[in-house]
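Good morning, everyone, and thank you for coming. Please take a moment to look at the chain on the screen, and then I will walk you through some parts of it.

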Amino acid sequence: DMVSTAGTITNLYVNINTAPALTQNISFTLMLNGNSTALTCTISNTATTCNDTSDSIAVVAGDKVSIRYITSLTATVTAASHWGFLFKPTIDGESLVLFGGGTPSATATNYSGIFERGNYNATESNVQQLSQGNHTLKKLYVVLNTDPANGAGVQSYAITVMKNGVATNITCTVTEGSTTCSNLVNTANFVDGDLVDYRIVPANTPVTSVMHMGLVSLIKRRRW
C-alpha cells in the first residue's frame, strides 16, 4: 500500500482465521519499501492474534508498506489474515487511507470503494461508500506492479476520486514508461452522507497490473 503523508507507524496488530496448530507458528513483519522493519509479531500454537506495541518506524509520502508472513515447517496456512497499525501523522489531523490491491480491467472503466481491497465493478453504484464526518481528501498516490506499456501505441490508467457520482479534481494518470503517479495539489471536501469511490479508466488496453493507492483524510479539529 502507498503511504500518502509523513508520520510514524506503531502498534502492529494481526489476526488470522485459523490457528497455526500445536508447536507451530506464523511470524508477521511490516515491510517498508521491500525491507523488513522492527514491527513484527508471531502467532503460535492455538492462538489467532499477535501484536507489537513497543516498536515504531518513520514513513514519508511515497513509501510502500506491506506485510510479510513466514510459517514454520508444518504450520497451518490461514485462508485469511487481517492486519492494522496506529499512524501518528507529522501534520496534525491527517490520517492514511490505504486502498487498492486488486487488478482492474484493462479494457473497461472500473469503480471501487476507497475502503475496498481490489473489489472492482463496472457499475459505480455497486461500490460507492458513505462518507462519515466532515473531512477533506487529498494527496493521491498510485503505484502499479507493472508498466502499462503493451508495445503498441501509448497505454495508461487514469485514477480519479469520485464524489456523489461526479469526478473530483483529485486525479492522476500512470502512463507507459512509469508505474506511479500522484496529485498533491487538488482536494475534495466531504460531509456526512456523501458518496465516495474512485474510478479507473484504462486507455489502449494497457498491461493488466495490481494497483495500490493512498490518500490523506484531513479532519480539522474544532476549537471551542
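Let me begin with a question: does threonine 205 count as buried, partly exposed or exposed, and what is its relative accessibility? Threonine 205 counts as partly exposed, because its relative accessibility is 45%, where buried means under 20% relative accessible area, exposed means over 50%, and partly exposed lies in between, with a 1.4 Å probe and protein chains only.

Before I go on, a word about what we are looking at: this is a predicted model, in which local features need pLDDT of at least 70 and side-chain atom pairs count only at pLDDT 80 or more, while totals for chains, interfaces and linings use all residues. Residues are numbered from 1 along each chain as its sequence is written, and side-chain values use heavy atoms, with hydrogens and water left out.

Most residues other than glycine have a negative phi. Threonine 205, although it is not a glycine, has a positive phi of about 50°. Asparagine 45, in strand β3 (residues 35-45), also has a positive phi, near 55°, and it is partly exposed, because its relative accessible area is 34%.

Now let us turn to the sheet that contains β7. Strands of a sheet pair through backbone hydrogen bonds, either parallel or antiparallel. Here two strands are said to pair if DSSP finds at least two bridges between them, and in this model four strands form an open sheet in the order β7-β15-β10-β13, with antiparallel pairing. β7 and β13 (180-190) stand at the edges, each with a single partner strand, so one side of each has no neighbour in the sheet. From one strand to the next the twist averages 20°, an angle between axes that are lines fitted to C-alpha atoms, taken between N-to-C directions on a scale from 0 to 180 degrees.

Strand β7 covers residues 94-100, and six of its seven residues are buried. Seven bridges join β7 to β15 (residues 211-218), and the two run antiparallel. If you follow that pairing on the screen, you will find leucine 98 opposite glycine 214 in β15, and glutamate 94 opposite leucine 218 in β15.

With that strand in mind, which element gives the most to the lining of the largest pocket? The answer is β7, with five residues. A pocket is defined on a 1 Å grid over the protein atoms alone, as an open set of points where a 1.4 Å probe fits, with protein on both sides within 12 Å along at least five of seven lines, and lining residues have an atom within 4 Å of a point. The largest pocket has a volume of about 610 Å³, the volume being the space filled by probe spheres set on the points, with grid points joined across faces, edges and corners. It is lined by 22 residues, of which Asp1, Val65, Trp83, Leu98 and Arg117 are the closest to its centre. Two or more lining residues come from each of β5 (65-71), β6 (81-89) and β7. By type, the lining divides into ten nonpolar, eight polar and four charged residues, where Ala, Val, Leu, Ile, Met, Phe, Trp, Tyr, Cys and Pro count as nonpolar, Asp, Glu, Lys and Arg as charged, and the others, Gly among them, as polar.

The second largest pocket holds about 170 Å³ of space, and of the 15 residues that line it, Phe115, Ser131, Gln132, His135 and Ser217 are the closest to its centre. The largest share of this lining, three residues, again comes from β7, while the lining as a whole divides into eight nonpolar, seven polar and no charged residues.

Finally, let me return to β14, which is joined to strand β11 (residues 156-163) by eight bridges in the antiparallel sense, with threonine 160 opposite arginine 199. Strand β8 (residues 110-112) also runs antiparallel to β14, over three bridges, and there serine 112 has tyrosine 198 as its bridge partner.
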